[in-house]
Amino acid sequence: MHRAPAFLPLTVDAAARLNAGLLLRQALVTDRAADECWTALLAGCGTAARRGLAPQLRRLSEATSEHVGVRWWFAEGTGHRRRVASAQENLEDAIADGDGQEFALAFVGYDHAMASAVVACPRRARSPR
């Protein structure tokens with residue numbers, strides 16, 4: 001059964017519209033990890049799902065960097081990269097605090113920052129993938 005992304009709808013949509021297969025796959029994997037983490041937070045569990053989300057977020061950032069091109073990500077896209085990093089830090093803090101409400105709010109910001117970075121990169125700067 002296919003389900004719509006719950007935590008990264010903007011990022012998944014942006015990746016799908018740009019035919020960014022690698023980025024789309026990583027966004028979907030990260031969304032599933034977020035769903036598992038959310039369940040663990042709501043249940044008050046200190047499971048591997050809570051610890052496993054941060055590495056998935058890093059992999060999604062790496063996939064984004066590859067998609068937009070490392071040169072753009074660290075030059076013209078620096079503002080977007082910093083926004084993504086800040087949003088990721090907020091998420092990691094919410095996970096560490098075990099705060100479901102903070103987690104949900106932080107994920108909205110992370111999804112927006114990530115999707116904005118993906119669509120802001122000019123087509124000519126993107127990697128050919």
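Helix α5 covers residues 78-97, and its 20 residues should span 28 Å at 1.5 Å a residue; the end C-alpha atoms are 28 Å apart, which agrees. The expected span is 1.5 Å times one less than the number of residues, and helices are DSSP runs (H or I, at least four residues), numbered from the N terminus. This is a predicted model, in which local features need pLDDT of at least 70, side-chain atom pairs count only at pLDDT 80 or more, and totals for chains, interfaces and linings use all residues. Residues are numbered from 1 along each chain as its sequence is written, and side-chain values use heavy atoms, leaving out hydrogens and water.

What follows each helix? After α5 comes Gly 98, with a positive phi near 70 degrees. After α2 comes Gly 44, with a positive phi near 75 degrees.

Now for burial (under 20% relative accessible area, with exposed over 50% and partly exposed in between; 1.4 Å probe, protein chains only). In α5, the buried residues are Thr 78, Val 84, Ala 87, Gln 88, Leu 91, Ala 94 and Ile 95. An α-helix has 3.6 residues a turn, so residues three or four places apart point the same way. Buried residues of α2 include Leu 23, Thr 30, Asp 31 and Cys 37.

Ala 115 sits in helix α6 (residues 100-120) and counts as buried because its relative accessibility is 9%. Its C-alpha atom is separated by 9.4 Å from that of Thr 64, 51 residues apart along the chain.

Notes:
Helix = DSSP H or I, 4+ residues; strand = E, 2+ residues; numbered from the N terminus.
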